[in-house]
Amino acid sequence: MKAFLLAGTALVTGTAAFAADLPARMPTKAPVAVAAPFSWTGCYIGGHVGAGWARTDFSDPSGGFIAPIGSAVQVDSDAKFLGGGQVGCDYQFATNWVIGVAGDFSWASIDGLADDPFFSGKTAGIPLTVHSRTDFLATATGRIGYAWNTLLIYGKGGFAWSHDKYQANNFNCTTLIFVSCNTSASETRTGWTAGGGVEWAFMPNWSLLVEYDHYGFGTNNVTFLDPNQAGFPVAFGVKQDIDAVKVGVNYRFGWAR
């Protein structure tokens, strides 16, 4: 019995000594979490500022008031301020492709003035002038883009509207008698728009965009009136194209990393 106890004690002591000589266990690191790919799927609301410039051509079907038949008075506007807001929704599919729909509205002050190069003014020393001003632009568009995680490059196109005011001043508004007219007109135009841009998601729900858009409104026949010569309305053809550059920020709902 005494021999058995001595043998057991020796075994326990030897085991403890062996365990003490083993190297310390290396710490185990937790697995690294992999971030989910960024998704552009969701709806958004935002605002933008920028600049717009226009070319407006005024033609004269009669050939006798502001321009010969086949010619036009061209009014060019320098880049002027615009600003407004946008709303839309996007859907990301096939890993990197993004499609969406959006609407935007921009208040604008895009205006230009030109002297008529064809006919002189009715009043001596004062030229015949033509003026165009755009008060707002609006669009309803679709877009398609390709995303690299938080960076999206896209193209867009759709319908466009603008509200414009025109003036044609100091011309003879009748071919029968010499009457000087200062006429004006306004209209809301419908046309098309196409453009593209880059959008960058710099925070989980926020993105920054830079965009270029072209607006085409074709030619409309517009009736110009002089409040002092109501019996002599004059119809001119007005063709308009507008370009704009915008910088904007969007807040998105339903984004996830």
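Colleague: Which residues do ring pairs link into a cluster?

Modeller: Ring pairs join F58, F65, Y166, F171, F224 and F236 into a cluster. Keep in mind that this is a predicted model. The count of aromatic pairs comes to 17.

Colleague: Why is the pair of W206 and Y251 called edge-to-face?

Modeller: Two values settle that. The ring centres of W206 and Y251 are 4.9 Å apart, and rings pair if their centres lie within 6.5 Å. The planes stand at 65°, so the pair is edge-to-face. The cut-off for that label is over 60 degrees. W206 sits in strand β8 and Y251 in strand β9, 45 residues apart.

Colleague: Are W206 and Y251 buried, exposed or partly exposed?

Modeller: W206 has 36% relative accessibility, so W206 counts as partly exposed. Y251 has 29%, so Y251 counts as partly exposed too.

Colleague: What makes up the largest nonpolar core?

Modeller: That core holds 21 residues. F58, I66, V73, Y166, F171, F224 and F236 touch the most other members. Strands β2, β6, β7, β8 and β9 each supply at least two of its residues. A second, separate core has 10 residues, including A54, L82, I110 and A244. In soluble globular proteins, nonpolar side chains tend to be buried together.

Colleague: What does F171 contact, leaving aside neighbours within four places in sequence?

Modeller: Among the contacts of F171 are F65, I66, L128, V179 and F236. The list also includes K122, S180 and T183.

Colleague: How do you know whether E199 is buried or exposed?

Modeller: Compare its value with the limit. E199 has 1% relative accessibility, so E199 counts as buried. Buried means under 20%. E199 is found in strand β7.

Colleague: Which side chains make polar contacts with the side chain of E199?

Modeller: One is R143, at 3.1 Å. Another is N250, at 3.1 Å. A polar contact needs N or O atoms within 3.5 Å, so both values qualify. The charged end of R143 also sits over the ring of Y154, 4.4 Å from its centre. Y154 is one of the residues in contact with E199.

Colleague: Why is K156 with E211 called a salt bridge?

Modeller: The N to O distance between their side chains is 3.0 Å. The limit is 4 Å, so the pair passes. K156 lies in strand β6 and E211 in strand β8, so the pair ties together parts 55 residues apart in sequence. Both K156 and E211 are buried.

Colleague: What is the distance between the closest N and O atoms of D104 and K156?

Modeller: Those atoms are 4.0 Å apart, and D104 forms a salt bridge with K156. D104 is in strand β4 and K156 in strand β6, 52 residues apart. D104 is buried, and so is K156. D104, K156, E211, D213 and K246 are linked in a network of salt bridges. The count of salt bridges comes to 15.

Colleague: What does the salt bridge of D135 and K165 tie together?

Modeller: The closest N and O atoms of D135 and K165 are 3.8 Å apart. D135 lies in strand β5 and K165 in strand β6, so the pair ties together parts 30 residues apart in sequence. D135 has 17% relative accessibility, so D135 counts as buried. K165 has 42%, so K165 counts as partly exposed.

Key
Residues numbered from 1 in each chain as written. Predicted model: local features only at pLDDT ≥ 70, side-chain atom pairs only at ≥ 80, totals over all residues. Heavy atoms only, no water. Core = buried A, V, L, I, M, F, W, Y, C linked by side-chain atoms within 4.5 Å. Buried < 20%, exposed > 50% of the residue type's maximum accessible area, 1.4 Å probe, protein only. Helix = DSSP H or I, 4+ residues; strand = E, 2+ residues; numbered from the N terminus. Contact = heavy atoms within 4.5 Å. Polar contact = N/O pair within 3.5 Å; in protein donor to acceptor, adjacent residues only side chain to side chain. Phe/Tyr/Trp six-rings, centres within 6.5 Å; stacked < 30°, edge-to-face > 60°. Lys NZ or Arg CZ within 6 Å of the ring centre and 35° of its normal.
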